[in-house]
Amino acid sequence: MRDRHLSDTKPYRWMGSGVNMAGMVPAADTGSRRIRVLKLEGGEIVSIKLNRRRLMQVGSSALMMGAFNPFLFRASAQSAGEVRVALYGGDVGKAGIEALVKPFEAETGIKVVPVTDDVSLTAVELMVTNGNVSIDVAPFGAADSAAVADKGLFEKIDYSIYKKEELDGIIDYTRDEYGVGVTVYSYVMAYNTEKYPASKPRPTNWSEFWDVDKYPGIRSLVSGQYGTEGPWEEALMADGVAPGAIYPMDIDRVFASLDKVKPHIRKWWGGGSEIQQMMHDKAVDVAQSYDGRANTLIGQGAPIEINWHQSKWTWDLWRIPKGSPNVASAQKFIEFATRAEQQAALAKLFPTSPTNQGAFKYMPAEVGRKLASYPENLAKGIPLNIKWYAEAGANGLTGRDRLIQRWNEWILQ
């Protein structure tokens with residue numbers, strides 16, 4: 001994920017030198033202009049950072065020929081009795097090992113090699129193209145990965161191994177031919193309750209967020225630099241478009257609406273850690289935020305409250321890179337990880353919102369109510385229309401492409 005509610009890395013943009021590093025698993029650029037590759041060490045995969053100068057010293061030819069062996073992690077080294085699974089980084093990766101990896105190993109006898117880091121779509125494309133797939137299962141954002149689904153990067157999901165009650169519990173939007181939902185997360189409006197106490201007027205929808213005269217205060221919205229993530233739907237709702245009429249999106253109307261609020265935005269944030277810090281420091285009074293980031297602050301006692309009305313929700317999916325040497329084990333892991341009881345176990349350790357609605361039966365109500373996929377919270381929001389973002393128009397550009405192009409022009413004006 002791209003520095004969303006779970007980790008502080010940005011998996012969808014790998015800012016490497018452009019060389020084809022066959023056999024390597026490049027991870028995300030985090031802004032340091034360093035390139036991270038993954039290697040196997042003591043049965044686990046760890047992240048190693050290389051700066052551009054070091055990469056150029058090694059040389060692209062040497063990399064492509066496999067000469068930089070200490071950093072290569074090849075599929076040929078994998079055992080048939082194991083599966084390599086990316087679990088995100090940080091605390092959620094640790095929670096995934098406890099809630100998913102260990103019980104899966106106990107039930108099936110299949111060894112899991114956890115990758116507690118993000119794996120980019122660029123990395124997957126390199127691995128699949130070179131026939132050297134070294135990750136068996138990884139989570140990807142729905143909109144970003146749907147945009148490349150026609151490239152043949154992923155294996156089809158074997159739904160025949162799922163129990164009917166488990167499959168019926170998974171939110172329809174969050175599963176497709178090539179993936180099953182990992183977690184749901186929302187873009188919500190979050191208030192500083194010292195600025196907007198419940199006893200005083202405060203914005204309750206995006207039209208009111210745009211109304212800076214009636215509801216003065218410092219504001220922040222998510223940046224549109226990545227296309228699939230931006231204040232697009234919010235801008236249309238602020239302009240009076242009904243939630244059910246947002247798609248197909250009128251991009252001219254989106255930016256006409258953004259023109260009205262642009263002078264009042266303190267910061268267009270680009271990562272979850274950024275907006276979390278801003279809210280923590282009380283640098284903004286009302287902001288668009290990931291629900292997980294706002295909930296983290298609430299849990300720490302910060303004067304923050306979430307407004308779920310007109311929230312926007314999306315999801316990540318488990319996917320299997322095409323050509324995985326352990327497809328059967330990968331299918332079993334995904335089926336296990338999307339069971340209601342396992343998703344509930346994960347949510348108890350880290351506030352991930354389950355895609356399997358049955359999970360709420362296995363957790364306390366006070367835990368469930370805080371999560372994006374809690375039925376009442378889902379009902380107050382709208383799902384991201386993944387198809388609209390991924391489909392190409394007559395000019396060959398997808399909805400995502402057109403938004404990025406327009407944003408890059410608009411933000412400089």
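Mentor: Start with a pair of helices: the crossing of H10 and H11 is right-handed. The model is predicted, so local features need pLDDT of at least 70 and side-chain atom pairs 80 or more, while totals for chains, interfaces and linings use all residues. Residues are numbered from 1 along each chain as its sequence is written, and side-chain values use heavy atoms, without hydrogens and water.

Trainee: What makes a crossing right-handed?

Mentor: H10 covers residues 272–280 and H11 covers residues 291–299. Their axes cross at roughly 35° and come within 9 Å. Axes are lines fitted to C-alpha atoms, for helices over the stretch in contact, and angles run from 0 to 180 degrees between N-to-C directions. Helices are DSSP runs (H or I, at least four residues), strands likewise (E, at least two), numbered from the N terminus.

Trainee: Which residues of H10 and H11 meet?

Mentor: Gly272, Ser273, Gln276, Met279 and His280 of H10 meet Arg293, Ala294, Thr296 and Leu297 of H11. Contact means heavy atoms within 4.5 Å. By class, this contact of H10 with H11 has three nonpolar, five polar and one charged residues.

Trainee: Why are H3 and H13 called roughly antiparallel?

Mentor: H3 (residues 90–108) and H13 (residues 340–349) pack at about 155°, with axes 8 Å apart. Angles over 145 degrees count as roughly antiparallel, under 35 as roughly parallel, 65 to 115 as roughly perpendicular, and the rest as oblique. H3 and H13 are therefore roughly antiparallel. Their crossing is right-handed. The H3 side of the contact includes Ala95, Gly96 and Pro103, and the H13 side includes Gln342 and Leu349.

Trainee: Which residues of H4 are buried?

Mentor: In H4 (residues 121–129), they are Leu121, Ala123, Val124, Leu126 and Met127. Buried means under 20% relative accessible area, exposed over 50%, partly exposed in between (1.4 Å probe, protein chains only). These buried residues pack against strand E5 (138–141) and helix H5 (142–146). After H4 comes Gly131, with a positive phi near 65°.

Trainee: What makes a set of residues a nonpolar core?

Mentor: Its members are buried Ala, Val, Leu, Ile, Met, Phe, Trp, Tyr and Cys residues joined through side-chain atoms within 4.5 Å. The largest one has 59 residues, and Trp210, Trp232, Met249, Phe255 and Leu258 touch the most other members. Strand E7 (residues 179–192) gives the most to this core, with seven residues.

Key. A crossing is left-handed if the near helix is turned anticlockwise from the far one by less than a right angle, and right-handed if clockwise. Ala, Val, Leu, Ile, Met, Phe, Trp, Tyr, Cys and Pro count as nonpolar, Asp, Glu, Lys and Arg as charged, and the others, Gly among them, as polar.
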